[in-house]
Amino acid sequence: MPNAVLTVNKHISEICDIDFFVSKKGIYLYPVDLEKEAFFLKLIQNDKRLVIKLDKSTMPKITSSLKDFMLRFAEDLALKLNGNIEHHNLNINRKTDYSLFDNYEIKTQAINKTSWVSELCNKDRLNLEIGMGSGEFLTNEAKTRKNECFIGVEVLNNDFYIALRRFNNAKLDNIKAVYYDARAILDKFESNSIDNIYLNFPEPWFRAKRLKHSILTARVAKKIERILKVGGRFNILTDNHPFALSSCVMLENSTKLKSLFNRPYIITNENIKTKYEKKWIKYQRTIYKLVYTKDKKSEPIKPISLRFPIKIKNLNSLVKDGYVFKVLGLYKNTKGQQIVELTLGYGKNPQHIFFSFKDGYIDILPQSNFIVNYDFLNALAIND
Ligand SMILES: C[S@@+](CC[C@H](N)C(=O)[O-])C[C@H]1O[C@@H](n2cnc3c(N)ncnc32)[C@H](O)[C@@H]1O
């Protein structure tokens, strides 16, 4: 993560202005809203050592202008605090091409609008890849299946950017990508709307005891089942036998999806040429393929929408029926304005969001990055 470490001779509280927010624990929060990106810096001072780091929880993309801003900010603070920068990792190796984001990214703010899929896809067939890595598979599919739409989701900053570059080099206009946790966006698709959902090599280091951390839980599988079309397919490739096996058992127990084969999975030489497939082929590992199809229509769900500001009863952390409403921090500036840092959602994978907080209401900031899904709504409801 981008960061800078300073040795300083003054305390940050001596130079704090209205732009800095501070928590009771003495953690400083600095909101940044640049032309192309909005993010938070967190500052922690221990005696003469001041660490400035990018807060990664709201998933800012790490661009050249973000790094440039952070370096100038660190230099400025070093000057004001009579110190110097000890080390940093803010050198710019390549200038970000923002047109890639403009052309290919779907932001969470757009996904929160109910009509987002129809606005980006005017074709009959829709495909989704969860964990697309650097986009090799989707690029090849989108190139050969021009009459279909593709959406790729990825949480790794570097891979996401490489994927966008790949789409652009291939001059694709039937593909979009989301930089966020794929599990959070599944509720944002209509029932019976997707032809194929792909999960290629999702769990490289999977062990049976890691089952509860797997991306493919029964809850996720049920969401996938709902959004697949009748006849649609859930396609999994994995080199990991425990994962293949546990996924089959879970899909058969938790959904009505049926294996396309006369057994739960097959051994395959797929050759989709992704980074991980190439790696496992080199190691001569066996690759397993699971394809599950849907034969019964799912009930429609109500489109999810939410109006801000939202009244919050109190800022106590709560857990109920697996839903989590947790307050991670409350930050105040010199004018008494407040920012609250929350996790909202289900189980071990809630969303991590910053909101403004005023008179008992939370409201959206330029840096708020989140998806309003059912887990989010249920987590908010436990605070009612
Ligand atoms: C082992 S890699 C496989 C990448 C690619 N599919 C391939 O075959 O090379 C798994 C990928 O899934 C991504 N991933 C894991 N959990 C995710 C999530 N919840 N949402 C979106 N992407 C996720 C990881 O960042 C990683 O890039």
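Reader: What makes E4 and strand E5 a pair?

Author: Two strands pair if DSSP finds at least two bridges between them. E4 and strand E5 (residues 49-54) have six bridges, in the antiparallel sense. Lys 42 stands opposite Lys 53 in E5. The two strands form a hairpin with two residues between them. In its turn, Asp 47 has a positive phi of about 55°.

Reader: How do you know where a strand begins, and what do the numbers rest on?

Author: Strands (E, at least two residues) and helices (H or I, at least four) are DSSP runs, numbered from the N terminus. Residues are numbered from 1 along each chain as its sequence is written. This is a predicted model: local features need pLDDT of at least 70, side-chain atom pairs count only at pLDDT 80 or more, and totals for chains, interfaces and linings use all residues.

Reader: Which strand does E3 join, and over how many bridges?

Author: Strand E3 (residues 28-33) runs antiparallel to strand E4 (residues 38-46), and six bridges join them. Tyr 28 has Leu 43 in E4 as its bridge partner. Four residues lie between E3 and E4 in their hairpin.

Reader: What joins strand E17 to strand E18?

Author: Nine bridges join strand E17 (residues 323-332) to strand E18 (residues 338-346). The two run antiparallel. Phe 325 is partnered by Leu 344 in E18. The hairpin has five residues between the strands, and Gly 336 in the turn has a positive phi of about 85°.

Reader: How many bridges join E18 to E19?

Author: Seven bridges do, again with antiparallel strands. Leu 344 also stands opposite Gln 351 in E19. The hairpin of E18 and E19 has four residues between the strands, and Gly 347 there takes a positive phi near 55°.

Reader: What makes Asn 82 stand out in phi, and is Asn 82 buried or exposed?

Author: Asn 82 is not a glycine, yet its phi is positive, about 50°. Its place is the loop between helix H1 (64-80) and strand E6 (84-88). With 10 other C-beta atoms within 10 Å, Asn 82 counts as exposed.

Reader: What does Leu 100 touch?

Author: Leu 100 touches Leu 164, Arg 165 and Asn 168, not counting residues up to four places away in sequence. Two residues are in contact if their C-beta atoms, placed from the backbone, lie within 7 Å. Leu 100 lies in helix H2 (residues 98-104). With 19 other C-beta atoms within 10 Å, Leu 100 is partly exposed.

Reader: What makes a set of residues a nonpolar core?

Author: A nonpolar core is a set of buried Ala, Val, Leu, Ile, Met, Phe, Trp, Tyr and Cys residues joined through C-beta atoms within 7 Å. The largest one here has 87 residues. Met 70, Val 153, Val 178, Ile 185, Ile 197 and Ile 371 touch the most other members. Helix H6 (residues 157-169) gives the most to this core, with five residues.

Reader: Which residues come nearest to the ligand?

Author: Gly 131, Gly 133, Ala 182, Thr 274 and Tyr 276 do, of the 21 residues around the ligand. A residue is near a molecule or strand if its C-beta atom, placed from the backbone, lies within 6 Å of it. H10 gives the most to this shell, with three residues.

Reader: What kind of peptide bond joins Phe 308 and Pro 309?

Author: It is a cis bond, with omega about 0°. Pro 309 is in the loop between strand E14 (288-293) and strand E15 (310-311).

Definitions and conventions:
A residue is buried if 20 or more other C-beta atoms lie within 10 Å of its own, exposed if 12 or fewer, and partly exposed in between; C-beta atoms are placed from the backbone.
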